[in-house]
Amino acid sequence: MGFQHDALTLASDRSILHLMNSDTVIDAAIRRVADFPKPGITFYDLTSLLAQPAAFRHTVDRMIETYRDRPVDAVAAIEARGFLLAAPFAYSRGVPLVLLRKKGKLPGATISRSFDLEYGQDTVEVHREDVAPGRRILVVDDLIATGGTVEAACELLEEAGAIVSGIFAVVALPFLDYEKKLAGREIIYLQGYASE
Ligand code: AMP
């Protein structure tokens, strides 16, 4: 097997189920780019993982396996790399795929939310009619850094009436303290990095 659970900690004070995972297949497949997009940032580039079929299959299979016994009525994908993970998951699971896009990309009636990035600012939008009120939706992105993106995504979906049942990312950077923003939410990731 290419992965192991390093630690499983239930932080009861903040009710966060924190799975600190290490996956050697994923770790080996991710390209690290120093000082991108600005000095001091290590960019964990999943395009190199996507270009390796065995690593991509392994990642999607682990995602599908992780949620096999968890209730998921729909999956919400954050542009752009979140699309690439959420799409095979939605196809396999047979649930609706809801796209959360950058400002101005969706043609229909949208709701939107702006947020701060690790490096800059952004806005995420969704077609209101694509979000079914009362349904449990899984939010998917490639990487959680400061957590601002997934926080905005969760709030957007909740504003539209959905119940966010969890957050999935291939990579997470817990040292950037996203847990404060995402307190009370179940976050699952496959590969964590302790520092940049
Ligand atoms: P954040 O909102 O700070 O959690 O940033 C997460 C979003 O920005 C994700 O969509 C990532 O694709 C991207 N991102 C932020 N920091 C990095 C990083 N160090 N390496 C790769 N992607 C990143």
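A residue counts as buried here when its relative accessible area is under 20%, and that cut-off will be handy for the close-ups below of this predicted model.

**Figure 1. An overview of the whole protein to get you oriented.** Six helices and 11 strands make up the fold. Of the 196 residues, 49% count as buried.

**Figure 2. Helices α3 and α4 pack against each other.** Two packed helices are described by the angle between their axes and the distance between the axes. For α3 (residues 53-66) and α4 (residues 81-93), the angle is about 55 degrees and the axes are 10 Å apart. The two helices are therefore oblique to each other. Their crossing is right-handed.

**Figure 3. A look at the residues where α3 meets α4.** On the α3 side, you will find F56, T59, V60, M63 and I64. Their partners in α4 are L84, L85, A86, P88, F89 and S92. By type, the residues of this contact divide into nine nonpolar and two polar, with no charged ones. Keep an eye on F89, one of the α4 residues in this contact, as the next view returns to it.

**Figure 4. Y67 and F89 form an aromatic pair.** The structure holds four aromatic pairs, and this view shows one of them. A pair of aromatic rings is described by the distance of the centres and the angle of the planes. For Y67 and F89, the centres are 6.0 Å apart with 85 degrees between the planes, an edge-to-face arrangement. The pair links distant parts of the chain, 22 residues apart: Y67 is in the loop between α3 and β5 (74-78), while F89 belongs to helix α4. Y67 has 1% relative accessibility, so Y67 counts as buried. F89 is likewise at 1% relative accessibility and therefore counts as buried.

**Figure 5. Y67 also pairs with F168.** This pair is edge-to-face, at 6.0 Å centre to centre and 80 degrees between the planes. Because Y67 lies in the loop between α3 and β5 and F168 in strand β10 (residues 163-172), the pair ties together parts that are 101 residues apart in sequence. With 0% relative accessibility, F168 counts as buried.

**Figure 6. Three rings seen together as a cluster.** Which residues do ring pairs link into a cluster? They are Y67, F89 and F168. Y67 pairs with F89 and with F168.

How values were computed:
Residues numbered from 1 in each chain as written. Predicted model: local features only at pLDDT ≥ 70, side-chain atom pairs only at ≥ 80, totals over all residues. Heavy atoms only, no water. Axes fitted to C-alpha atoms, helices over the stretch in contact; angles between N-to-C directions. Helix = DSSP H or I, 4+ residues; strand = E, 2+ residues; numbered from the N terminus. Parallel < 35°, antiparallel > 145°, perpendicular 65-115°, else oblique. Left-handed = near helix turned anticlockwise from the far one by under 90°. Contact = heavy atoms within 4.5 Å. Nonpolar A, V, L, I, M, F, W, Y, C, P; charged D, E, K, R; others polar. Phe/Tyr/Trp six-rings, centres within 6.5 Å; stacked < 30°, edge-to-face > 60°. Buried < 20%, exposed > 50% of the residue type's maximum accessible area, 1.4 Å probe, protein only.
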